Amino acid sequence: MTLLYRIRALVRWLFRRDEIERALDTDLADYIERSAAEKMRAGMTEAEARRAARIELGGVEQTKDSVRATLSWPAIENTVADLGYALRTLSRQKTFTTVAVLTLAVGIGVNVAIFSLTEQILLRPLPVPEPDRLVNLTDPETGPKSTGRMGTFPFPRFFSSDSGGNDTLFSYPMFRDLERGQEPFVGLAAHVFHEASISTGEITRSAIVAFVSGSYFSVLGVQPTLGRLLSPEDDRVDGQAQSVVLGHTYWQTEFGGDPDVLGQTLTVEKVPLTIVGVAPEGFHGTSVSARPSVFVPITFPSNAGFLDIPNHDGRDFYWVHLFARLQPGGSREGAAAAMNTLYRAILNDVEAPLLVGVDEQQRDAFRLRPLALEPGARGRTGGRILDPARNSLELLFAVSAVVLLLVCANVAGLILLRATTRSGEIALRASLGATRMRIVSLQLAESLVLALPAAILSLPVAWVALRGASRVPGIAAAAPDVSLSTAAALVAIGVAVVTALVVGLLPVRGMLRIKPGNALQAFGARHTTTKSVARFRTALATAQVALSMALTSIRSSCSRPAAGMDGPSTQTRVSCVASKKRSRRFRACLPWLRRQARCSRSEDFSATRPSRVCQEKR
Amino acid sequence: MARLPKGSDDGKLNIPQGTLELLILTIVRREPLHGYGIAQRLKALTRGTFEINPGSLFPALYALERDGKLRCEERLSDNNRQARYYTLTSVGRTQLEREEQRWERVTAAIASVLQGA
């Protein structure tokens with residue numbers, strides 16, 4: 001209650017001060033009048049009475065001052081005063097201000113760009129209604145780890161390399177079995193993306209095709225731009241496919257957004273399909289890093305030209321990703337329990353008897369494999385599919401963090417340099433009674449004044465950086481059309497404030513060491529650098545050189561493979577560079593690096609032709 | 001808060017710490033009053049024992065107004081000048097009642113110590 005009054009009073013004090021001043025004038029004038037009138041009644045002359053009244057008041061200005069002191073909030077007043085002072089001094093030192101603001105803008109801008117990318121690639125949910133109700137089905141036991149452990153285990157065979165997590169693959173018969181008992185879900189959908197040749201008649205080109213179950217679009221809850229989307233009617237018979245839905249971007253680029261496209265024939269790997277509809281704008285499928293051009297039924301003929309998929313019979317061939325939509329109000333845990341019962345029953349009754357060449361222990365382990373449900377609001381984000389983007393993002397994150405550190409060190413160095421020339425002023429302040437807190441807050445106000453315009457300037461910098469970053473392999477595939485968001489702007493301000501604090505606080509220690517007496521004596525002699533300040537400055541310069549070196553090495557390691565994406569992933573190479581110094585550790589991870597280097601050929605999605613799937617992971 | 005007036009030799013006393021608020025609120029409870037009026041009423045009620053100077057009175061009044069315990073209205077006074085009259089608010093009334101009770105307990109406690117000694 002009182003706090004509320006206090007805040008209201010503070011707002012009034014800050015913004016309607018003249019009102020308070022007027023009230024004070026009225027009060028004091030009235031007091032003097034009444035006091036004088038009283039004294040005149042007691043026999044004084046008017047002049048005497050007024051004089052006596054004023055004396056009684058004890059000084060109009062003093063009284064006003066003590067009222068002001070009661071009403072003001074010194075911390076805020078001081079901050080406002082500090083900001084004003086910082087603004088005035090900085091606007092006088094144009095070169096310093098310009099350099100510092102621009103340097104900060106670069107550092108902040110790069111970070112905002114990277115944040116935008118991350119937000120859009122890794123954090124943004126699918127553009128579908130209630131994405132929070134989507135779950136990815138995963139089996140933590142499948143994946144390369146388990147195949148390694150199970151040694152002679154005859155299956156699973158994987159369609160491609162897989163690093164587990166929510167990227168788990170299932171077999172097509174398993175999908176159909178699960179689909180039949182999917183009570184906890186509104187619907188269960190299967191999908192897998194693959195490169196294929198698409199022909200519109202005259203032109204044949206390679207594009208990413210999404211093989212999706214008939215339930216795919218209804219589980220997602222998206223509406224077509226044109227015509228209809230695929231429905232359970234389209235995936236009735238395994239090995240047959242008649243319809244195709246175009247992605248919105250593909251429809252725009254290949255057909256110029258022609259509404260007469262419905263009913264035309266599109267040939268996918270020599271299978272003629274009828275275009276029945278166009279997916280909604282902004283919907284790019286359910287995988288973060290691959291954007292399908294067209295959606296075809298998962299019952300697509302298996303002998304159409306792909307090596308392995310679609311495979312509609314093999315229980316030992318894992319190639320589809322599964323996701324589902326929970327019933328309204330249903331919990332992930334409850335659904336997982338129900339689905340596990342079903343999953344175990346299928347494993348026990350149908351699949352376990354098919355196992356050959358395994359011992360009892362392995363068979364028991366197989367029967368007990370759990371099914372897990374992971375949040376699927378962002379579609380498929382885990383495992384191999386996102387790795388190219390994630391690797392690049394991690395690298396970019398590292399780079400941007402280094403850039404920001406470099407910028408902090410740079411600007412802190414500048415401020416420190418300025419601080420040494422200002423030691424006289426600081427000493428004077430200290431000797432006049434400025435507390436340490438006041439000196440620190442003045443310094444912080446100054447860096448805040450530097451950081452805020454830098455935050456604004458950082459947005460164009462971020463835009464440019466984003467253009468650059470979207471050319472990085474992996475990211476280009478994941479998000480070819482990233483843009484700056486409101487969130488990015490907010491982050492810019494947040495980063496700016498944090499940077500300001502860091503930059504402002506770095507030189508403070510040295511400043512507080514200034515001894516007023518010594519500094520004042522040497523006021524005329526300029527540059528009174530104390531030893532510790534000098535040492536700190538040297539440290540800053542060293543850090544700067546070191547960080548620049550790190551940045552250069554990252555850059556050079558990036559630019560080499562930029563020509564071709566087929567080489568080892570960029571991250572691998574960076575970890576090489578980073579650990580070269582520690583040669584022992586480097587040697588220890590060499591086999592791993594080699595393995596990575598060999599496998600990463602197939603890790604890039606667009607390069608994944610089944611024939612080149614990494615043998616090791618089969 | 002406000003500085004307390006210095007005591008002098010002519011029978012005046014310092015206003016005990018923390019009681020100025022209680023005194024002001026009590027005085028304006030009866031009727032809305034201007035600053036000078038409050039000072040005079042205090043002097044009259046204590047027969048000159050407590051005298052408050054404007055340098056302490058006004059900061060206290062403005063603090064009470066800030067905290068919502070007093071409200072101010074501007075009126076034209078008898079000789080056609082603007083004057084600000086301070087009135088008790090409901091928040092102020094609650095505060096006053098609490099302070100009164102507290103004060104009664106304090107004085108009773110002190111009295112019992114003095115009598116028992």
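User: What should I keep in mind about numbering and cut-offs here?
Analyst: Residues are numbered from 1 along each chain as its sequence is written, while chains are lettered from A and ligands numbered from 1 in the order in which they are written. As this is a predicted model, local features need pLDDT of at least 70 and side-chain atom pairs count only at pLDDT 80 or more, whereas totals for chains, interfaces and linings use all residues.

User: What is the mean pLDDT of chain B?
Analyst: The mean for chain B is 85, with 90% of its residues at 70 or more; pLDDT is the predictor's confidence in each residue, from 0 to 100. Over residues 1-8 of chain B the value stays under 50, and the model as a whole scores ipTM 0.87 and pTM 0.51.

User: How many residues of chain B are in contact with chain A?
Analyst: There are 19 residues of chain B in contact with 19 residues of chain A, a contact being two residues whose C-beta atoms, placed from the backbone, lie within 7 Å.

User: And which element gives the most?
Analyst: That is α3(B), which gives seven residues to the side of chain B that touches chain A; helices (H or I, at least four residues) and strands (E, at least two) are DSSP runs, numbered from the N terminus.

User: Switching to chain A, which residues of α4(A) are buried?
Analyst: T63(A), S66(A) and V67(A) are buried, where buried means that 20 or more other C-beta atoms lie within 10 Å of a residue's own, exposed that 12 or fewer do, and partly exposed in between, with C-beta atoms placed from the backbone.

User: Why are they on the same side of α4(A)?
Analyst: They cover an arc of only 100 degrees around the axis, which puts them on the same side of α4(A); the arc is that of the directions from the helix axis to the C-beta atoms. The face turned away from that buried side carries the exposed residues E61(A), Q62(A) and A69(A).

User: What do the buried ones pack against?
Analyst: The buried residues of α4(A) pack against α2 (17-41) and α3 (46-57) of chain A together with α3 of chain B.

User: Back in chain B, why does I38(B) count as partly exposed?
Analyst: I38(B), which lies in helix α2 of chain B, counts as partly exposed because it has 19 C-beta neighbours inside 10 Å. Beyond four places in sequence, I38(B) touches I24(B), I27(B), V28(B), L33(B), L57(B) and Y86(B).
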